[in-house]
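The points may be read alongside the displayed model.

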Amino acid sequence: MNVLKKTGALIGVAVLAGTLTSCGLDINTSVPYTIEPGSIQPIPALSGQRVVVGSKDFTENIILGYMAEMALSAAGADVVDLTDIKGSNSSRQALLNGQTDVTWEYTGTGWINYQGNELPVPGGERAQYEATAKADAEKNGVTWLNYSPLNDQYAFATTQAYAEQNNLKTTTDLANFLKQKPDQARFCLETEFTSRQDGFPAAVKAYGFQNPKIENFGIGTIYSAVANGTCPIGEVFTTDGRISGLNLKVLEDDKKAFPQYNAAVTMRTDFLNAHPEIRGPMEEVAAAIDNKQMVELCKQVDVDGKDAGTVAHDWMLKKGFIK
């Protein structure tokens, strides 16, 4: 039996809790799950080993964070939950600074945002993963475990009715339409996407949007803003359950402006070298999740109102990883 540990007192080193708080990272509270091993069995070398799991602050990444916590807990580790860190850069710094030990990242984010490259790697998912993993290991001492089939890319979406009315199937269609109807060039975007080199600047460069009007929203409200007509066009994640729940139309990124974003567990290389047994459970979970499943899991949270931890727990049970 193992319990996910979510209070400062359970970390074991009181100074750590103070350090995390002073850096703007709050250790989550409550202990909602008792984990029994399933196909992921206890690993003696991980028994009692403290592992801090972080995540970013959007639904998919939080779900992935919980999956990692449950897998590690089944393997015998003493898991500390630090999910829901605000923003990609904060999540990344928490890993680099040793405030978290395990976090899910995305290959495109690593390549563009963290490595400072302007263009995606041609050649598809594996080429993007290998380039990202190699650069991060050499420059930052971060190891990327095997990547998942889950590939959560950026895209633009409209309502189904708007797309049908204006014959929009691809982002090139959208760019051509906006040249004819510049008053419709209104985009609902999150602040981070507006400035990320792999975000809106990449789309402007590829598709030539002219004088677009940008309205900044939290990522969680963009979907409803598009659905209710507040904005005709919005930024979306392609695995987000609200796409189907709100009947939105995702426009194909036909010019490949956005990189591949396969999810993978990342760890500091020195921590992984000290605890190589973590690799197995993490890569088992990564191999089992794909876009279709994640769309449904996100829908359960963002449309049906279920708790992200409960959704992750149910999936882990269904897959037999835990009992």
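The numbered points below concern selected helices and their contacts.

1. This is a predicted model, in which local features need pLDDT of at least 70, side-chain atom pairs count only at pLDDT 80 or more, and totals for chains, interfaces and linings use all residues. Residues are numbered from 1 along each chain as its sequence is written, and side-chain values use heavy atoms, with hydrogens and water left out.

2. Helix H2 (residues 59-74) packs with helix H13 (residues 279-288) at an angle of about 135°, their axes lying 9 Å apart. Met 67, Ala 68, Ala 71 and Leu 72 of H2 meet Pro 281, Met 282 and Val 285 of H13 (contact means heavy atoms within 4.5 Å). By class, this contact of H2 with H13 has seven nonpolar, no polar and no charged residues.

3. For helix H14 (residues 291-302) and helix H15 (residues 308-319), the axes come within 9 Å and cross at roughly 140°. Gln 293, Leu 297, Gln 300 and Val 301 of H14 meet Ala 308, Val 311, Trp 315 and Lys 319 of H15. The contact of H14 with H15 has five nonpolar, two polar and one charged residues.

4. Within helix H5 (residues 125-140), Gln 128, Tyr 129, Thr 132, Ala 133, Ala 135 and Asp 136 are buried (under 20% relative accessible area, with a 1.4 Å probe and protein chains only). The buried residues of H5 pack against helix H3 (88-96), helix H4 (107-114) and strand S6 (142-144). Gly 141, with a positive phi near 65°, follows H5.

Definitions and conventions. Axes fitted to C-alpha atoms, helices over the stretch in contact; angles between N-to-C directions. Helix = DSSP H or I, 4+ residues; strand = E, 2+ residues; numbered from the N terminus. Nonpolar A, V, L, I, M, F, W, Y, C, P; charged D, E, K, R; others polar. Expected span 1.5 Å × (residues − 1). Buried < 20%, exposed > 50% of the residue type's maximum accessible area, 1.4 Å probe, protein only.
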